[in-house]
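I opened this entry to keep track of what I looked up, step by step.

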Protein chains: 2
Amino acid sequence: MELEQAVKQRHSYRGAYIQEPVPRAHLQKIMEAGLAAPSGCNKQTVSLIGIDDAELLQRLLSVMDPPTCATAPALICVLTKHRIAYTDGNGVPRCYAVQDYSAAIENMLLTVTALGYASCWIEGHITDADMQGKRMAEMLGVPEDYELICVLPVGIPAEEFKIPRKRPFEMRAWFNGFPEKE
Amino acid sequence: MELEQAVKQRHSYRGAYIQEPVPRAHLQKIMEAGLAAPSGCNKQTVSLIGIDDAELLQRLLSVMDPPTCATAPALICVLTKHRIAYTDGNGVPRCYAVQDYSAAIENMLLTVTALGYASCWIEGHITDADMQGKRMAEMLGVPEDYELICVLPVGIPAEEFKIPRKRPFEMRAWFNGFPEKE
């Protein structure tokens, strides 16, 4: 698929999925795109675990509430490792782990779209007070120095979707200066 | 360009640029791709300013040290607004502004690549102790409730590049669990 089309078609899908497995080769392609994303000072803070084992999948999904992707035939769990990229002029250590995993996730969401699947960037309940990511990380044997911060369902969507409305270009982007009135 | 090719070809370019203007239509296409990226709870925290005015460009570039993109014929300045997406179960406000702008930047870097240009995600010196972004924001008349956090040069590369080496897939991605030994 053309990049432009993938960018336009990508959307956050929260509906049901068709019960058809995602070939391992497709999962790998999606994960490879994630790892190809840039990282601050090339620290490569992102790691990934693809889930296509039916029994493990069900155990992981049982942790997720709301059950946004209860019928997803595959998942990709995004892990991050806090690595300092450099120390700035004030002696403050700078870490770009959030930027790194976000760029990786966007590459994966675009590749999901290009392969005819749907997905959704699920991070809130994974990392907030609900700490669902912590329980999932335990199930997967993830060491303490990694954090599981996002889950991407992967599957063929069973329902129609609508792309949410966004504010128009003129209200979010300008040339050669901020407009006098916003 | 195919998405897969754009993902593989994208790289952080820090060399010189050919002195040829970037058509406004191309800059707009790149910025549109940025605004099409997802945002936490659709808060759309990202705004953009494209720079193609030669005199303004020189003033902005004079702030940047190291002068990584001194010869870039165009820039895109990425602005973020701290917006709370929701409050979690512990009463902690959650903001996804970093995730939002990172996804937008990745979409723009891929589109830059697809259009035959090069770029580099410049964030460190913009936001750290050097606070170059603050000075650039003043030049652009950006209100205080926005932060200028990243600059993307855009232009045709004049030099060869090499894509930095990354650790292989098997060291960063696995299936159905974390490997016993890392």
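**Entry 1: the interface.** I started with the contact between the chains, keeping in mind that this is a predicted model. I found 60 residues of chain B in contact with 60 residues of chain A. I then looked up which elements supply the side of chain B that touches chain A. At least two residues each come from α1 (3-9), α2, β1, α4 (97-114) and β6 (173-175) of chain B. The largest share, ten residues, belongs to α4(B). I also sorted the residues on this side of chain B by class: 32 are nonpolar, 15 polar and 13 charged.

**Entry 2: the symmetry.** What rotation superposes chain B on chain A? I noted 180 degrees, with 0.0 Å of shift along the axis and an RMSD of 0.0 Å. The two chains are therefore related by a two-fold axis. I checked the contact residues next: 100% of those of chain B recur in chain A, so the same surface serves both copies.

Entry 3: I traced an open sheet of four strands in the order β6(A)-β1(B)-β2(B)-β5(B), and its pairing is mixed. Which strands are at the edges? They are β6 (173-175) of chain A and β5 (147-154) of chain B, each of which pairs on one side only.

Strand β2 (residues 74-80) of chain B is antiparallel to β5(B), and seven bridges connect them. Here V78(B) has C150(B) of β5(B) opposite it.

I also looked up the pairing of β6(B) with chain A. Strand β1 (residues 46-51) of chain A and β6(B) run parallel and are joined by three bridges. In this pair F175(B) of β6(B) stands opposite G50(A).

**Entry 4: helices on the sheet.** I recorded two helices of chain B. Helix α2 (residues 24-35) of chain B lies across β6 of chain A as well as β1 (46-51), β2 and β5 of chain B, and runs at about 170 degrees to β1(B). Helix α6 (residues 132-140) of chain B lies across β1, β2 and β5 of chain B, at about 85 degrees to β5(B).

**Entry 5: a helix pair in chain A.** I took helix α2 (residues 24-35) and helix α4 (residues 97-114) of chain A: their axes come within 7 Å and cross at roughly 145 degrees. Is the crossing of α2(A) and α4(A) left-handed or right-handed? I noted it as right-handed. On the α2(A) side, the contact is made by K29(A), I30(A), A33(A), G34(A) and L35(A). On the α4(A) side, I listed A104(A), I105(A), N107(A), M108(A), T111(A) and V112(A). By class, this contact of α2(A) with α4(A) has seven nonpolar residues, three polar and one charged.

**Entry 6: chain A as a whole.** I counted six helices and six strands in chain A. From the N terminus on, the elements run α-α-β-α-β-β-β-α-α-α-β-β. The C-alpha atoms of chain A fill a box of roughly 55 × 40 × 30 Å along the principal axes. Of its 182 residues, 45% count as buried. Last, I looked up the contacts in chain A with a separation of 6 or more: residues 24 or more positions apart account for 78% of them.

Notes. Residues numbered from 1 in each chain as written. Chains lettered and ligands numbered in written order. Predicted model: local features only at pLDDT ≥ 70, side-chain atom pairs only at ≥ 80, totals over all residues. Pairing = 2+ DSSP bridges. Contact = placed C-beta atoms within 7 Å. Axes fitted to C-alpha atoms, helices over the stretch in contact; angles between N-to-C directions. Nonpolar A, V, L, I, M, F, W, Y, C, P; charged D, E, K, R; others polar. Least-squares fit on C-alpha atoms with pLDDT ≥ 70 in both. Left-handed = near helix turned anticlockwise from the far one by under 90°. Buried ≥ 20, exposed ≤ 12 C-beta atoms within 10 Å, placed from the backbone.
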